Every structure is written in C-alpha cells, then in structure tokens.
Number of protein chains: 2
Amino acid sequence: MYKLTKHAKLSGLAFALSVLTLSAAHAQTAIPAIRPVALDQKALTSPLVLEKQGSFFIGGRDIQSDTLSTLPAYAPSGTITVDQMYTHFQIPPSSKDIALVLIHGCCLTGKTWETTPDGRMGWDEYFVRRGYPTFVIDQSGRGRSAVNATAMNAAKMGKEPVDKLPVVFAASHESAWTIFRFGPEFPKTYDGMQFPLAAQNGLWQQMVPDWLNAMPNPNPTIPALSELSKKLKKTVLMSHSQSGIYPFQTAALSTEGIAALVSIEPGACPAADGDLTPYTKMPIMVLFGDYVELSPRWAPRLKACKEFVQKTNAAGGHAELLLLPEVGIKGNSHMLMQDINSIQIADLMGSWMEQRLGLTQ
Amino acid sequence: MYKLTKHAKLSGLAFALSVLTLSAAHAQTAIPAIRPVALDQKALTSPLVLEKQGSFFIGGRDIQSDTLSTLPAYAPSGTITVDQMYTHFQIPPSSKDIALVLIHGCCLTGKTWETTPDGRMGWDEYFVRRGYPTFVIDQSGRGRSAVNATAMNAAKMGKEPVDKLPVVFAASHESAWTIFRFGPEFPKTYDGMQFPLAAQNGLWQQMVPDWLNAMPNPNPTIPALSELSKKLKKTVLMSHSQSGIYPFQTAALSTEGIAALVSIEPGACPAADGDLTPYTKMPIMVLFGDYVELSPRWAPRLKACKEFVQKTNAAGGHAELLLLPEVGIKGNSHMLMQDINSIQIADLMGSWMEQRLGLTQ
C-alpha cells in the first residue's frame with residue numbers, strides 16, 4: 001500500500017516531514033503519496049485560542065407516552081423528545097474552510113476523542129490546533145443524547161411483556177480487551193501494543209451501555225450527520241468502529257456537504273457488490289491499526305473493506321485503505337486515537353485531509 | 001434581603017458596576033453588600049484563550065455481572081465500571097486560584113451550562129472568561145457517566161422479577177414546563193418570564209431519563225464531588241435544582257477543598273434542625289428566581305431554605321439567600337442559567353464569589 005520512507009521530527013516552528021511512497025495497491029487510481037506534516041511542539045502546547053465554541057442538538061422527534069414515570073413526582077403521560085444528536089464544537093481563528101466531525105464507536109461517547117486515559121491531548125483538541133472547525137458528537141441514544149426509556153417503564157408497569165424490554169448491552173472489560181485488540185484474550189497483550197494499559201481504568205470509565213439495537217432503523221445518528229453535513233457545507237466525517245459505516249450511510253442518503261470520509265477500523269464497510277456511486281464522489285480513507293490478521297473479529301472486516309476500496313476505485317472513486325504496519329507504524333490497537341502514538345496518527349490523518357482536499361497546512 | 005440600587009453598563013474595557021445594599025435579613029451576620037461587576041463586551045466576545053482543557057472521570061467501581069448482554073456478539077458475564085463521574089474542564093491563562101464546579105440538575109446533563117437553547121454563551125464559558133478554572137460534570141448515571149444497565153438485562157433474561165427493574169423516569173415537556181416555572185401550567189406563561197421559549201425545542205433536546213432512584217445511596221456523585229474538591233484544593237461547588245443539595249452533602253462528608261457553595265434553586269436545603277456545623281465553614285449562596293411563591297412545588301422549598309440560612313447564620317455561618325426579584329431582577333424561571341438575562345445573573349454570582357472569597361476581579 002504505502003511505504004513510509006522518512007519521518008524526521010524537527011523542533012521549534014519547523015515541521016516534521018515524512019514521505020509516504022505509493023506502491024502497487026493503488027496504481028490503478030494513481031493516488032499520490034501522503035507527506036505527513038506534524039504539528040510542532042509549540043503548536044501542540046501553546047495556549048489554545050478559540051474563535052468560538054459551543055454545543056447544540058440536531059434532530060430528534062417528539063413522542064407521546066404513558067410510561068414516562070412510575071414516580072408520583074413525575075407524570076406518567078406526556079411528550080418527550082428522543083433520537084436527537086448532541087454536538088459540541090470548537091472553531092479556531094483563521095480556520096480551514098472544511099470542518100471535521102468526530103464520531104465515536106460502540107459502548108462509548110464523544111469522550112473517545114477527548115483527553116486520553118493517560119492524560120494526553122485528545123484528537124478533539126489536536127484538530128482544532130491544526131486549524132479545523134471540529135465537531136464531536138454523542139450518537140443518538142448515547143451520552144448526552146437521550147435514550148428512549150419508555151419501553152423499560154412499560155414493562156415495569158406491566159403494560160408490555162418482559163421480552164419487549166429494549167436490547168441493551170454493556171461490553172465487559174474482558175470482551176473489550178479482545179475487541180480493542182490489546183491482546184488475543186484478557187489479560188494477555190500483543191508484543192509492542194501501544195495502548196496505555198497502565199491507565200486502562202480511564203478507558204473502562206468511558207464505557208457506557210449501548211442502546212444501538214433498541215434504536216430506530218436507520219439509526220437516527222445517520223440523518224443527523226446528514227443534516228450536520230449540510231449545515232457545515234464542507235466537512236470530513238471521521239468515524240470509528242461501530243460508527244465506521246455511518247459516514248458511508250450518510251453519503252448514501254446525500255453527498256451534500258460531505259468533503260471526504262475517514263473511517264477508522266470500521267465494523268463494516270459498504271458491500272463491495274452494492275451501489276458504490278455515492279462513494280466515488282469524495283476522497284475516502286479507511287484506516288486500520290496492527291494485529292488485525294490475528295483477530296478473528298477484525299481480519300474478515302479488513303478483507304471486506306479492501307474489497308470495497310478496490311471496487312470503489314474500479315468504479316471511478318478515490319478510496320484508500322491504510323494499514324498502519326505497512327507504513328512502519330506498529331503496535332496500534334483498535335483505540336488508536338488513545339494509543340501512545342496517537343498524535344503521530346493524527347498528524348497522518350490531518351496531512352491526508354489537507355493533501356487530498358487541497359487545504360493549506 | 002438585597003436591594004439593587006444601581007446597575008450601569010459601560011462600553012469598552014470598563015466594567016458595569018452595580019451596588020447592592022444590604023437590608024434587614026442579614027443584619028445579624030453583617031454580611032456586606034455585593035457590588036455586581038459585569039464582564040464587558042470585549043471580555044465576552046474576543047477569542048477565548050485557554051491555558052488547558054480536557055476531561056477525566058472521578059470515582060467508579062468495578063462490578064461483576066452475568067447480565068451484561070443478551071446478544072451473541074457480547075459476553076453476558078464480565079466486569080464493568082459503574083458510578084464514575086465525567087468531568088470536563090477549561091482553564092484560562094492567569095486564572096484565579098479558586099476553581100468552579102458546575103453541577104446540573106434533574107433530567108439533564110452538563111449541557112445545562114453550555115450554549116443556551118437560543119444560541120447564547122453558556123455559563124461554562126462565561127466563568128472561564130471571568131478567570132475561573134471551570135469544571136462541568138455529568139452526574140454519575142447520567143450523560144457521559146455510565147448507567148448500570150445490568151438490572152434491566154436481569155429482568156429481560158428472566159433472572160429477576162419485573163418489579164426489580166430500575167426506577168427511571170423521564171420528565172415530559174408538560175411536567176417540566178411547570179417545574180421549571182415557565183408558567184402555572186403548560187402552555188401558559190407567567191408575565192415577563194425570561195426563558196427563551198421560542199427556542200424551547202433546544203431545552204427538550206437536552207433532557208434525558210433520570211436514573212437517580214436506581215443509584216446507590218448516597219448518590220456516587222457526592223463522594224466524587226468530594227474527591228474532585230480535594231484534588232482542586234480550593235473550589236466553589238455550584239449546583240442546580242435536584243443537585244442543589246449535593247454541595248451541602250459533599251461538605252458534610254468533608255469540607256476539604258471547598259471554598260464556597262452556590263446552590264441555585266435547590267430541590268432541598270439541609271434540614272434547619274440538623275447539624276449545621278459543616279455549613280458554617282464557608283460562604284454559602286442560595287439563589288432563587290421569580291414566581292416562586294406562585295409554585296406549590298417551589299414555595300415550600302424556598303421557605304425551608306430561608307430557615308436553613310437563618311439557622312446556619314445563628315450557628316456562626318455566612319449563608320445568604322438571594323431572591324432575584326428582591327434585587328429588581330425579574331422574570332427568571334428555574335432554568336435561570338438559560339434565561340434571556342443569564343449573563344446578568346452570572347455577573348452577580350461571579351461578583352459574589354470574588355467579594356466573599358477576596359478574589360481579584
């Protein structure tokens with residue numbers, strides 16, 4: 001795929017430059033090499049200046065329910081709003097004219113992108129420092145985006161049978177250990193694995209029950225992302241894991257406002273034999289970390305994504321699949337935005353966006 | 001109580017100064033008047049500079065469960081972390097040496113303090129601009145702080161009876177309308193009421209189901225606030241509504257690290273006939289908006305808080321109760337941090353903290 005031939009880190013205001021050279025896989029689409037341009041220490045550590053910050057919700061619908069409460073202090077009947085998507089944003093001065101939306105994965109919230117478990121800067125702030133208006137969402141039904149708890153109360157009140165209780169799951173530390181590829185099974189680790197395990201409690205604290213299977217279909221996060229993209233006019237949708245497919249599903253609804261897609265370790269790519277037309281309209285990056293071939297869960301997903309990328313390019317698209325070890329970046333877990341080398345990968349993704357979209361650096 | 005005698009707004013870098021003169025209620029404790037000092041337009045609108053920002057969790061405990069999941073993709077048995085408290089912070093350069101913790105109320109999350117429903121600056125940013133290291137939490141079991149969903153799955157799996165389902169309630173728009181004192185009943189409004197009702201959808205989108213009654217007792221938010229206070233060394237705990245009592249309960253655990261308490265429209269004050277010793281150790285402000293006497297829910301709470309303040313002062317404390325209409329600030333709802341005059345009230349609370357704690361302005 002790519003080959004990392006140089007990665008020099010310079011101090012002061014200078015940039016660390018690396019050169020990725022293109023090898024066989026993309027020859028048919030002639031996608032040029034990425035030159036990784038790192039943020040220097042000053043850009044990473046000086047006081048952060050924001051032109052504006054804030055938060056809002058997108059979407060949501062009002063529903064009537066008679067099972068809102070079993071407590072006398074709160075009426076059981078009335079109107080509530082569900083399915084909305086919380087969005088927090090920060091915009092630096094003289095920002096780039098393309099925004100970035102960060103979309104978390106399973107059993108997590110927007111916290112994924114904030115301060116890492118071991119206390120380092122998250123990608124939310126990194127990309128603001130790099131000049132992007134940056135939007136961090138909580139998926140509908142997760143975090144600050146309300147779940148719809150009426151079905152639970154309906155069962156409690158005897159109005160619905162127990163088997164109508166919503167399907168909600170919590171990923172255990174032990175399950176997450178394997179899914180996040182810290183090692184083959186809890187508590188074993190892969191050699192050289194870069195997740196900061198000494199601070200693992202900071203990851204376990206981030207995890208929340210996942211109501212995904214209790215949500216309407218399609219997940220309301222997808223139309224909300226579409227509405228957000230239209231509002232932003234030009235944005236990159238960057239997703240992770242469970243939400244890896246969401247930017248693709250958003251583009252299938254409408255490509256309006258979507259400048260590019262970055263899907264990090266997606267749980268699924270679009271079917272390679274489906275209609276690939278929407279995905280030929282914008283640069284696409286699918287990113288995977290290390291140890292993928294060792295994981296029965298992830299290896300087939302990587303394979304399917306490779307096929308999707310190939311077919312999308314055959315249909316005239318500009319899709320890329322980057323497997324980090326193939327460019328010499330080793331040891332990354334599934335939670336690569338929190339791994340010890342998270343900033344190195346952010347540098348790479350920032351450079352990809354800038355070079356594919358013709359943005360200033 | 002207080003009487004607002006002057007409120008002059010000046011442009012440019014100058015400050016708007018107001019003078020509150022003290023009348024009878026506090027004569028026994030001789031608490032001096034507050035001079036409200038407003039942030040000027042430049043301080044409110046220039047780019048925001050942050051020395052540091054980030055997020056972390058406090059507290060939480062690991063539990064073993066066999067009812068984590070009913071899905072084949074996620075194991076039913078394993079360890080999860082529950083009861084932790086999400087905390088987001090922003091610290092301005094040359095910050096004051098006393099921090100501020102903002103604690104939301106019922107059926108809401110830390111979003112309460114962010115951008116108002118009609119798109120104006122929230123108190124989270126206001127107090128950063130005023131120089132406070134500002135910490136916004138999501139109560140344990142709310143927002144980005146995970147709920148414990150194992151009891152729901154235990155019922156779904158037939159391992160526990162339905163009546164063991166957690167007590168979770170959602171406040172309807174109609175209930176909230178009255179509780180938040182937009183008017184006597186939905187959809188009537190009080191004359192001159194200052195909540196931005198044209199943007200009410202932005203409030204309904206903020207509301208989330210409340211697991212308070214399914215939480216351990218005491219609510220884990222309270223020891224987490226205690227741990228946060230100790231970590232911050234000197235902080236003001238500012239709470240609202242359901243959480244109005246939490247700063248008091250935190251101080252009863254330990255006064256370490258707590259510089260002052262601000263309780264906004266508390267659902268309850270500590271019992272006036274209880275041990276008031278912890279509350280004599282620090283300045284206390286209990287703040288109420290307008291229309292309180294018209295509300296069967298709020299009028300008794302105001303009365304009980306007045307009695308608490310009186311007894312605390314009789315025991316040697318420095319507690320104050322400020323009813324906004326008594327200082328000429330009229331029309332405030334229960335959601336006064338989102339009301340149209342929210343910044344005027346923030347000015348007042350900032351001035352109170354600075355003058356009671358001897359901070360620079």
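Select Arg129(A) and Glu125(A): their side chains meet in a salt bridge (2.8 Å, N to O). A salt bridge here is a side-chain nitrogen of Lys or Arg within 4 Å of a carboxyl oxygen of Asp or Glu. Both residues sit in helix α2 (residues 123-129) of chain A, four residues apart, about one turn of the helix. Arg129(A) and Glu125(A) are both buried. Buried means under 20% relative accessible area, exposed means over 50%, and partly exposed is in between (1.4 Å probe, protein chains only).

A note on what you see: this is a predicted model, where local features need pLDDT of at least 70, side-chain atom pairs count only at pLDDT 80 or more, and totals for chains, interfaces and linings use all residues. Residues are numbered from 1 along each chain as its sequence is written, chains are lettered from A and ligands numbered from 1 in the order in which they are written, and side-chain values use heavy atoms, with hydrogens and water left out.

Next, select Glu114(B) and Arg144(A). Their side chains also form a salt bridge (2.9 Å, N to O). Glu114(B) lies in the loop between β9 and α2 (123-129) of chain B, and Arg144(A) in the loop between β9 (134-138) and α3 (150-156) of chain A, so the pair joins two chains. Both Glu114(B) and Arg144(A) are buried.

Now pick Asp97(A) and Lys234(A), another salt bridge (3.0 Å, N to O). Asp97(A) is in the loop between β7 (85-91) and β8 of chain A, and Lys234(A) in the loop between α6 (221-232) and β10 of chain A, so this pair ties together parts 137 residues apart in sequence. Lys234(A) is partly exposed, at 39% relative accessibility.

Switch to cartoon view for chain A. Helices (H or I, at least four residues) and strands (E, at least two) are DSSP runs, numbered from the N terminus. Find the open sheet of eight strands, ordered β4-β7-β9-β8-β10-β11-β12-β13 (chain A), with mixed pairing. Two strands pair if DSSP finds at least two bridges between them. Which strands are at the edges? They are β4 (52-58) and β13 (318-323) of chain A, each pairing on one side only.

Zoom in on β12 (residues 283-288) of chain A: six bridges join this strand to β13(A), and the two run parallel. Val286(A) has Leu321(A) as its bridge partner in β13(A).

Finish with helix α8 (residues 299-314) of chain A. This helix lies across β12 and β13 of chain A, at about 150 degrees to β13(A). Contact means heavy atoms within 4.5 Å. Axes are lines fitted to C-alpha atoms, for helices over the stretch in contact, and angles run from 0 to 180 degrees between N-to-C directions.
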